[in-house]
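Trainee: I am new to this structure. Please walk me through a few features.

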Amino acid sequence: VLFLQIVHILNMTSAKIVSFLLHPEESLHSLQNRIEFETGISTGNQELLLETGICLDPRKPASQCVIDGVRGWDSYMVYLFDKSRTVYDGPFASRSLSDCVNYIVQDSKIQLPIPQLRKVWAEAVHYVIGLKEDYSRLFQGQRAAMLSLLRYNANLIKMKNNMVSASQQLKAKLEFFHQSIRLDLERYSDQMAYGISSEKMLKAWKEMEEKASQCAQAEDIGYLDEQIMALHTEIVELQKSPYARRQGEVMESLEQRAIDLYKQLKTRPPDHAYSDSTDMVKIIVQTVQSQDRVLKELFGHLSKLLGCKQKIIDLLPEIEVALNNIKEADNSVMQMQGKRQREIWHLLKIACTQSSSRSLVSSSLEGTASTPAATWLPQSHSSGNAAPHPLSSLAAPEDGENFAEMIRENVNYLELFSSILQEVRQEQNSMMVS
């Protein structure tokens with residue numbers, strides 16, 4: 001018996017406790033099936049919370065419900081919530097009266113012998129204490145729901161901060177992209193008259209600018225930020241609410257009064273005297289009324305907590321979608337920036353190639369213009385009146401060798417120039433295609 005593990009489940013939808021004997025190495029799913037059979041709440045809608053607000057891990061065995069500690073293994077409670085409901089309105093019936101207590105409640109002025117009255121009042125005190133403990137357990141369930149809500153809210157704030165940071169980074173990148181592409185378009189337009197031009201590339205750059213403007217829609221997260229801030233304000237107000245704190249002072253006072261009244265009865269001698277139960281019944285009625293009031297406030301506050309939690313659950317997928325949109329837009333902007341920079345460097349390569357080919361051709365043309373003139377000029381004589389020799393205009397053997405060398409050199413230059421022009425045309429065609 002000492003090694004048995006028993007888990008107590010407080011059903012917050014009905015305010016009733018169900019207890020289960022755990023089998024060795026029983027899975028949580030198996031326990032949830034048993035809970036479904038007892039409570040009617042399907043396993044998919046069950047939310048099992050510990051006192052700390054931590055949800056039970058489905059990957060761990062059911063024994064995680066039982067925590068060893070100084071309080072004892074039989075004093076811990078697991079709180080069951082129905083995820084399909086966000087409004088817990090009751091009414092919840094108080095614990096039933098025993099026959100003896102119900103007898104004096106029906107007629108509080110009935111006279112009973114002192115020994116019998118002691119027994120009835122002892123059960124009455126136990127009933128009053130039970131009402132207070134029922135409220136305490138339900139309040140602890142509300143507190144577990146609050147702690148669970150705060151955990152969800154912490155996760156929401158973390159995701160919101162990631163979303164805001166990603167949005168700000170995207171905004172900065174878009175501003176830089178717009179400024180750089182405008183400058184590129186201006187400089188490109190200035191050089192079109194005397195430099196390199198490509199209508200296809202110009203059209204692609206303008207399409208990039210329009211696409212970047214569309215990417216700016218992803219950074220607009222104002223509507224989500226407003227919802228998150230409003231929800232955060234609502235959660236803070238719920239934390240400050242007086243219903244978030246224990247409201248059982250009246251019941252605790254009535255409990256003490258019932259105990260004191262019973263102690264006074266015990267001091268009376270067990271003679272043949274009789275007495276009624278008017279004072280004890282009055283305490284019972286006041287305790288029931290106080291419990292009804294505080295439970296109504298407790299479950300009203302609990303419904304607000306669960307409503308906020310459901311809002312967070314609904315917001316988390318929207319934030320995830322916004323984050324994915326921002327990441328996609330960020331990647332698109334970076335790809336467009338890289339593509340445009342590669343095209344600029346491609347233009348620079350073509351410009352440098354054309355510049356080198358022009359300088360090479362001009363130098364070769366200057367060489368061919370000066371050398372033949374010097375070669376074919378007639379030899380001048382010291383005497384201006386002397387008639388030229390009939391053969392003086394013919395080239396000497398050495399001059400003929402120089403002339404042949406010059407022709408071969410010009411042919412090489414011509415072949416080099418033709419290959420450069422062909423390479424430039426191929427690069428221009430590839431640039432137009434890209």
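Mentor: Start with Ala15, in the loop between strands β1 (5-11) and β2 (16-22). Strands are DSSP E runs of at least two residues, helices H or I runs of at least four, numbered from the N terminus. This is a predicted model: local features need pLDDT of at least 70, side-chain atom pairs pLDDT 80 or more, while totals for chains, interfaces and linings use all residues. Residues count from 1 along each chain as its sequence is written, and side-chain values use heavy atoms, without hydrogens and water.

Trainee: What phi does Ala15 have?

Mentor: Most residues other than glycine have a negative phi. Ala15 is not a glycine, yet its phi is positive, about 60°. Glu25, also not a glycine, has a positive phi of about 60°. Glu25 sits in the loop between β2 and α1 (28-39).

Trainee: Is Glu25 buried or exposed?

Mentor: Buried means under 20% relative accessible area, exposed over 50%, partly exposed in between (1.4 Å probe, protein chains only). Glu25 is exposed, at 75%. Ala15 has 27%, so it counts as partly exposed.

Trainee: At what angle do α3 and α5 cross?

Mentor: Axes are lines fitted to C-alpha atoms, for helices over the stretch in contact; angles run from 0 to 180 degrees between N-to-C directions. The axes of α3 (residues 114-191) and α5 (residues 222-240) come within 11 Å and cross at roughly 155°. That makes α3 roughly antiparallel to α5 (over 145 degrees).

Trainee: Which residues meet there?

Mentor: Contact means heavy atoms within 4.5 Å. Among them, Met146, Leu149 and Lys160 in α3 meet residues of α5 including Leu224, Asp225 and His232.

Technical notes. Angles under 35 degrees count as roughly parallel, over 145 as roughly antiparallel, 65 to 115 as roughly perpendicular and the rest as oblique.
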